[in-house]
Amino acid sequence: TPRFSYGTVNCDGPSESFTITVNPTAQVNDPADQVVCNGGTVSAVTFTTGNTGGVTTYSWTNDQPGIGLAGSGSGNIGSFSAVNLTATPIVATIEVTPSYDNGVPACIGPSQTFTITVNPTGQVNDPSDQVVCHGSPTATVEFTTSNTIGTTTYSWTNDNPGIGLGGSGNGNIPFFTAVNTGSSPVVATITVTPHFTNGSVTCDGPSESFTITVNPRAQVNDPSDQVVCNGEA
């Protein structure tokens, strides 16, 4: 309200009003972490805030663009196919920064970080083939992998249980006594599939096959007896 004074006379004038708007600090809710397999789909990330009244926008950075997500961007993150061609899980840290706009200037808020972990595809090294005789012990088969950090387990199938090995199982294959009561070698094909687990997510990998060949017991037919005279053939 203005007041004009002159000659001991005060003259008040009409008031004017203005506002002081105090915007809140920008805020973004912390997105959930994700763990996916190589080649799997990362769920879309929709950023949210508790702020109201204005417009909150978001910018973000990603420290591992190799997973299939750009190094930076703005707005929500759409779903994408995850990439990890290594033998170890890749953990990408995404940092999102909110900006609250309700008239100039925009108010920047504290960042939140979350992770997207991309597990490698399960992998198993190809076991050596074996050839054994009927009644002999096979060598123990211990499966190995190049993958690290997580846990790799193995399941296997055997297409010829008659050799003395079950038709399927899990884990390593202990030695057993090979069986072949026939007259020809028996070839069993064992197919092993790896399962890589990290962060409660299991990623199956391509199978490998190897053979266990069981040779029959050697056998000779009994020749006929002969009686001949001295000097005869």
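In the predicted model, C203 is buried, its relative accessible area being 2%. The sulfur atom of C203 lies 2.1 Å from that of C37, and the two residues form a disulfide. C37 is likewise assigned to the buried class, because its relative accessible area of 18% falls under the 20% limit for that class. The torsion about the S-S bond is about -90°, so the disulfide formed by C37 and C203 is left-handed. Since C37 belongs to strand β3 and C203 to strand β15 (residues 201-204), the pair ties together parts that are 166 residues apart in sequence. The count under the distance rule comes to 1 disulfide. Two further cysteines are partly exposed: C11 has a relative accessible area of 41%, and C133 has a value of 42%.

The largest nonpolar core contains 19 residues. Within this core, the residues with the most contacts are F47, I67, I77, I94 and I116. Two or more residues each are given to this core by strands β5 (55-62), β8 (90-101) and β10 (112-119). Of these elements, β8 gives the most, with 4 residues. The surroundings of I94 were examined with neighbours within four places in sequence left aside. On that basis, I94 is in contact with W60, T61 and N62, with L69 and I77, and with Q112, T113, F114 and I116.

T152 is located in strand β12 (residues 151-158). With a relative accessible area of 16%, T152 is buried, as the value is under the 20% cut-off. When residues up to four places away in sequence are not counted, T152 touches Q123, T145 and N147, as well as P194, H195 and F196. The C-alpha atoms of T152 and G171 are 9.7 Å apart in space, while the two residues are separated by 19 residues in sequence.

F18 counts as exposed because its relative accessibility is 73%, and the exposed class begins over 50%.

Key
Residues are numbered from 1 along each chain as its sequence is written. This is a predicted model: local features need pLDDT of at least 70, side-chain atom pairs count only at pLDDT 80 or more; totals for chains, interfaces and linings use all residues. Side-chain values use heavy atoms; hydrogens and water are left out. Buried means under 20% relative accessible area, exposed over 50%, partly exposed in between (1.4 Å probe, protein chains only). Contact means heavy atoms within 4.5 Å. A disulfide is a pair of cysteine sulfur atoms within 2.5 Å. A nonpolar core is a set of buried Ala, Val, Leu, Ile, Met, Phe, Trp, Tyr and Cys residues joined through side-chain atoms within 4.5 Å.
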